[in-house]
Amino acid sequence: MIYQPPMEPYLDVVYQDEDVLVLNKPSGLLSVPGRQSIHKDSLQSRAQQQFPTATTVHRLDMETSGLMVMALNKASHVHLSRQFEQRKIKKRYLARVYGQLKKSSGAVDVPLICDWPNRPRQKVDFQAGKPALTHWQVLNQEAETTLVELQPVTGRSHQLRVHMQSIGHPIVGDPLYATGAALTWSDRLQLHSNELQFNHPTADTQMKYAVPANF
């Protein structure tokens, strides 16, 4: 697949001060540069053109859109990283999944591990996998799909995508975990980080941001 990241908007700044930078990442843009020169364009490299001291403390998958926070100095980077490690940062996602969920809410609590021969794919593994927990809630039942809110407790790679697939409801448009009608239903992965909440590194106030999904 050819890497063709969207150019408009080039950098969507939601909030910025001396310590933190909150951005709205478009689907199709890498969070950080890849190893190859064709993968240099990323949210991090774009941010650093305007804010040279910006550093990445967490990532979204290339196909996922939505809110990310970056640090603008070393002290902020340490502070934010610690919040992620201690699971103090609250994240909510919107996703459209294929099929109809029978309950209005629930949780997926299954361990995940890298599917090494098929990386970057991840898979469920009850013996060697690392614990992973996702809460979900139905927002709207549609004809073929369901709009859900997802709240990850852990932050495993591809967690939301694998968890929804594991209960028989892959996120539509997912090039790695959806097949057939679920894959072709959308030309993009319909997963969006729509809410992000964290403690400000210096002011120690609760910062909360929300951006709607564009699907």
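Reader: Is H163 buried or exposed?

Author: H163 counts as buried because its relative accessibility is 0%. Buried means under 20% relative accessible area, exposed over 50% and partly exposed in between, with a 1.4 Å probe and protein chains only. The model is predicted: local features need pLDDT of at least 70, side-chain atom pairs count only at pLDDT 80 or more, and totals for chains, interfaces and linings use all residues. Residues are numbered from 1 along each chain as its sequence is written, and side-chain values use heavy atoms, with hydrogens and water left out.

Reader: Where does H163 lie?

Author: Helices (H or I, at least four residues) are DSSP runs, numbered from the N terminus. H163 lies in helix α3.

Reader: Why is α3 largely enclosed by the rest of the structure?

Author: Helix α3 covers residues 159-166, and six of its eight residues are buried, so the rest of the structure largely encloses it. Among the buried residues are L160, V162 and M164. Just after α3, G168 has a positive phi of about 85°.

Reader: Which residues does H163 touch?

Author: Contact means heavy atoms within 4.5 Å. Leaving out residues up to four places away in sequence, H163 touches V108, V110, L112, A132, L133 and T134. With V110, a polar atom of the H163 side chain lies 3.0 Å from the backbone oxygen.

Reader: What lies over the face of W116?

Author: A charge sits over a ring if NZ of Lys or CZ of Arg is within 6 Å of the ring centre and within 35 degrees of the ring normal. R119 lies over the W116 face, 4.2 Å from the ring centre.

Terms used
Helix = DSSP H or I, 4+ residues; strand = E, 2+ residues; numbered from the N terminus. Polar contact = N/O pair within 3.5 Å; in protein donor to acceptor, adjacent residues only side chain to side chain.
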